[in-house]
Amino acid sequence: LYYKLAYAQDELNFSKRSLKSMELALSILSSLKIPNYDYSIGAYNFLSQDAAYRGDLKKAQRFLRLSEKFYKDNKEVVDIARKDEDGYNDRYEVILPYKKLYLLYKRGKSSDDSLQMIKLINQLERLHASPEFSVKYESVYYTTALNHMGDWYASRNPEEITTAADMEKAHYYIDKSIDLISDKGYVGNEFTFKYNKSKLLALSNELEEADSVISDLLSRLSSNDGRRPFF
């Protein structure tokens, strides 16, 4: 109940209350001989996300490491519990590398952070190539990671020092994310992906194509869609 209360409070923007509720939930879960493994991992992920929102990358990464350790220590039980009737699930084996990459995408600054992002996208590429990969459940993490990677290459430096090599990589990753959801039935946020594509085209001075992409998105948004002013 405290775990679910934390998410409800977070939705209502009661951030301090939600944090206290999740910390209490994790304390209760940790005291049990047989905790709800999925909730325990989710609680660490929630605390990591909260720390990242507050700008504390190191603390956010520490909570993710705790989440990952808890998963590895209980992997078999967790994986079985999360499977649907057809035997598929969204494995933490895929979710956690995505979350690590997202933290660096949002908060990373150093050259070491850059290297870690490259290692993580390569790890996700290997997971994507494995027979166990579930397009139904796991493709959203993969496509979103690709799009983050492309946007990171385009935006990590000021425009005047962004290199041609960075722009090439940015186009590669963003195009791949869009192609997968458009042509392969993968899950992903089309509007976010294409917004980033429009931004990238503008940075590449391909202004007519950039305008075409963003105009198409605007034409498909309702008049009261919250994304319209931003777009």
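Visitor: Where is the place of Phe46?

Guide: In this predicted model, Phe46 sits in helix 3.

Visitor: Is Phe46 buried or exposed?

Guide: The cut-off comes first: buried means under 20% relative accessible area. Phe46 has a relative accessible area of 5%, so Phe46 is buried.

Visitor: Which residues does Phe46 touch, once residues up to four places away in sequence are not counted?

Guide: Phe46 touches Ala6, Tyr7, Asp10, Ser18 and Met22. Take Ala6 as the example. Phe46 and Ala6 are 40 residues apart along the chain. Their C-alpha atoms are separated by 9.1 Å.

Visitor: How do I read the sides of a helix?

Guide: Start with the geometry. An α-helix has 3.6 residues a turn, so residues three or four places apart point the same way. Now look at helix 1, residues 2-11. Its buried residues are Tyr3, Ala6 and Gln9. They cover an arc of only 125° around the axis, so they lie on the same side of helix 1.

Visitor: Which residues are exposed on the other side of helix 1?

Guide: Lys4 and Glu11 are exposed there.

Visitor: What do the buried residues of helix 1 pack against?

Guide: They pack against helix 2 (15-30) and helix 3 (37-53). Phe46 of helix 3 has Ala6 among its contacts. Ala6 is one of the buried residues of helix 1.

Visitor: How do I read a positive phi?

Guide: Begin with the background. Most residues other than glycine have a negative phi, and most peptide bonds are trans. Then look for the exceptions. Phi of Asn13 is near 65°, a positive value in a residue other than glycine.

Visitor: Where is Asn13 found?

Guide: Asn13 is in the loop between helix 1 and helix 2. Its place is just after helix 1. Asn13 has 68% relative accessibility, so Asn13 counts as exposed.

Visitor: What is phi of Asn205?

Guide: Phi of Asn205 is near 65°, again positive in a residue other than glycine. Asn205 lies in the loop between helix 10 (190-203) and helix 11 (207-219). With 60% relative accessibility, Asn205 counts as exposed.

Visitor: Where does Leu104 lie?

Guide: Leu104 lies in helix 6, residues 92-107. Its relative accessible area is 3%, so Leu104 is buried. Leave aside the neighbours within four places in sequence. Leu104 is in contact with Leu57, Gln61, Asp113, Gln116, Met117 and Leu120.

Visitor: How far apart are Leu104 and Ile161 in space?

Guide: Leu104 and Ile161 are 57 residues apart in sequence. In space they are 21 Å apart, C-alpha to C-alpha. Take another pair, Ser15 and Val213. They are 198 residues apart in sequence and 36 Å apart in space, C-alpha to C-alpha.

Visitor: Where is Ser15 found, and what is its relative accessible area?

Guide: Ser15 is in helix 2. Its relative accessible area is 29%, so Ser15 is partly exposed.

Visitor: How many helices and strands does the protein chain have?

Guide: The protein chain has 11 helices and zero strands.

Visitor: What does the C-alpha trace span along its principal axes?

Guide: The trace spans about 60 × 40 × 40 Å.

Visitor: How much of the chain counts as buried?

Guide: Of the 231 residues, 45% count as buried. The accessible surface comes to about 13,400 Å². Carbon and sulfur atoms hold 52% of that surface.

Visitor: What share of the contacts with a separation of 6 or more comes from residues 24 or more positions apart?

Guide: Such residues account for 59% of those contacts in the protein chain.

Visitor: How far apart are the mean positions of the positive and negative charges?

Guide: The chain has 34 positive and 35 negative charges. Their mean positions are 8 Å apart.

Conventions: Residues are numbered from 1 along each chain as its sequence is written. This is a predicted model: local features need pLDDT of at least 70, side-chain atom pairs count only at pLDDT 80 or more; totals for chains, interfaces and linings use all residues. Side-chain values use heavy atoms; hydrogens and water are left out. Helices (H or I, at least four residues) and strands (E, at least two) are DSSP runs, numbered from the N terminus. Buried means under 20% relative accessible area, exposed over 50%, partly exposed in between (1.4 Å probe, protein chains only). Contact means heavy atoms within 4.5 Å. Accessible areas come from the Shrake-Rupley method with a 1.4 Å probe; for residues, only the protein chains shown count as cover. Lys and Arg count as positive and Asp and Glu as negative; His and the chain ends are not counted. The place of a charge is taken as NZ of Lys, CZ of Arg, CG of Asp or CD of Glu. The arc is that of the directions from the helix axis to the C-beta atoms.
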